[in-house]
Amino acid sequence: MGAVTIRDVRKNYGNLEVLHGISIDIADGEFVILVGPSGCGKSTLLRMIAGLEDITAGEIEIGGQVVNDLAPKDRDIAMVFQSYALYPHMTVEENMGFSLKLARFPKDEIRARVANAASVLGLEAYLERYPRHLSGGQRQRVAMGRAIVRNPQVFLFDEPLSNLDAKLRVQMRSEIKMNHRRLGTTTVYVTHDQIEAMTMADRIVVMRSGHVEQIGSPLDLYDTPNNLFVAEFIGSPAMNILDGTIKGETFAMPDGTAIPLGSDVPHAPQGPIKLGIRPEHLRLDAGGLQAEVLVVEPTGSETQVALRLGEQELVGVFRERIPMSPGDMIGISISSDQAHLFDAESGRRLTR
């Protein structure tokens with residue numbers, strides 16, 4: 001069983017604590033992604049799972065066994081790094097089977113495991129080639145194959161797609177997810193790219209400054225973010241955040257613009273409130289709030305428009321192809337059931 005349990009894990013570098021009591025339960029066969037901005041501690045946590053970083057406090061279990069004091073080779077994990085780290089003088093087949101050779105596996109078993117991994121990854125035609133003869137995506141697949149042949153309890157991925165171009169990243173995202181479905185191996189994946197997290201994960205762990213901000217499925221985090229940080233981090237373009245206060249059944253902006261919220265306004269503090277609205281939830285409405293067009297970015301399937309509403313700026317994503325130019329005034333409306341309210345001081349979500 002490849003379940004991973006992280007209990008109150010802390011990491012110090014001297015007097016500096018960089019992980020502050022992280023606790024995560026990862027089920028056997030689950031695909032969990034650690035996401036967050038640079039410096040949030042996600043790669044440090046992954047390296048602690050792998051045994052490449054010491055644990056200052058807390059426990060990590062893999063398959064029901066506490067691994068705090070086990071060497072990386074004894075943890076039954078396989079890791080894929082951002083760098084392919086392939087041996088240039090070895091063929092694809094030799095690269096993929098090298099760890100098994102070091103472990104003194106029989107030659108027949110090495111060949112069988114390499115052949116199986118090559119079949120899974122579509123590398124059968126490249127086994128006799130050297131890394132210099134491969135594209136970036138093919139090299140990354142070889143690095144994945146080197147991990148697959150070990151048949152570990154857990155796969156660990158540390159930003160494996162960062163060196164690939166945009167088109168190849170999309171292709172590799174699909175391949176990694178399909179391989180996970182075929183193999184069913186527990187996977188912990190680190191990325192700073194929230195689009196990777198949204199499209200690949202069973203669950204996402206959002207981290208900031210060594211803390212876990214929220215854990216949930218991609219759509220849970222998108223639809224019901226716990227706080228302002230998660231709301232703005234998850235989603236592209238990011239959620240619009242407007243400043244104002246609650247007055248009766250409306251959200252009142254400082255310039256007097258009023259956004260109706262309906263009768264289900266949550267209990268809110270008397271001070272400043274922030275209203276969040278996803279760009280795709282803005283609607284074109286001739287009789288609605290008047291906003292000035294700042295920038296128009298057509299993409300074909302949709303149009304992304306930067307707007308000024310009162311004294312604040314926001315972004316709308318529209319499917320309609322209505323002609324508009326910078327300086328035009330357009331009407332927009334915000335559905336109250338798609339608006340998110342946050343306490344301006346704490347950032348916490350205000351539930352209705």
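How do the residues of the lining of the second largest pocket divide into nonpolar, polar and charged?

Guide: The model is a predicted one. In the second largest pocket, the lining divides into 6 charged, 5 nonpolar and 2 polar residues. The volume of this second largest pocket is about 320 Å³. It is lined by 13 residues, of which Glu93, Glu94, Gly97, Lys101 and Ile110 lie closest to the centre. Two elements, H2 and helix H3 (107-121), each give two or more residues to that lining. Of the contributors, H2 gives the most, with 5 residues.

The largest pocket has a volume of about 390 Å³. Its lining comprises 18 residues, and those closest to the centre are Met79, Phe81, Ser99, Arg146 and Arg150. At least two lining residues come from each of strand S6 (77-80), helix H2 (92-102) and helix H4 (136-148). H2 supplies the largest share here, namely 4 residues. The lining of the largest pocket divides into 13 nonpolar, 2 polar and 3 charged residues.

Some backbone features complete the account. Most residues other than glycine have a negative phi, and most peptide bonds are trans. Glu159, not a glycine, has a positive phi of about 45 degrees. Glu159 is placed in the loop between strand S7 (154-158) and helix H5 (166-183). Because its relative accessible area is 14%, under the 20% cut-off, Glu159 counts as buried. The peptide bond from Ser236 to Pro237 is cis, with omega near 0 degrees.

Conventions:
Residues numbered from 1 in each chain as written. Predicted model: local features only at pLDDT ≥ 70, side-chain atom pairs only at ≥ 80, totals over all residues. Heavy atoms only, no water. Buried < 20%, exposed > 50% of the residue type's maximum accessible area, 1.4 Å probe, protein only. 1 Å grid on protein atoms, 1.4 Å probe; cavity = no way out; pocket = protein on both sides within 12 Å on 5 of 7 lines; lining within 4 Å. Points joined across faces, edges and corners; volume = space filled by probe spheres on them. Nonpolar A, V, L, I, M, F, W, Y, C, P; charged D, E, K, R; others polar.
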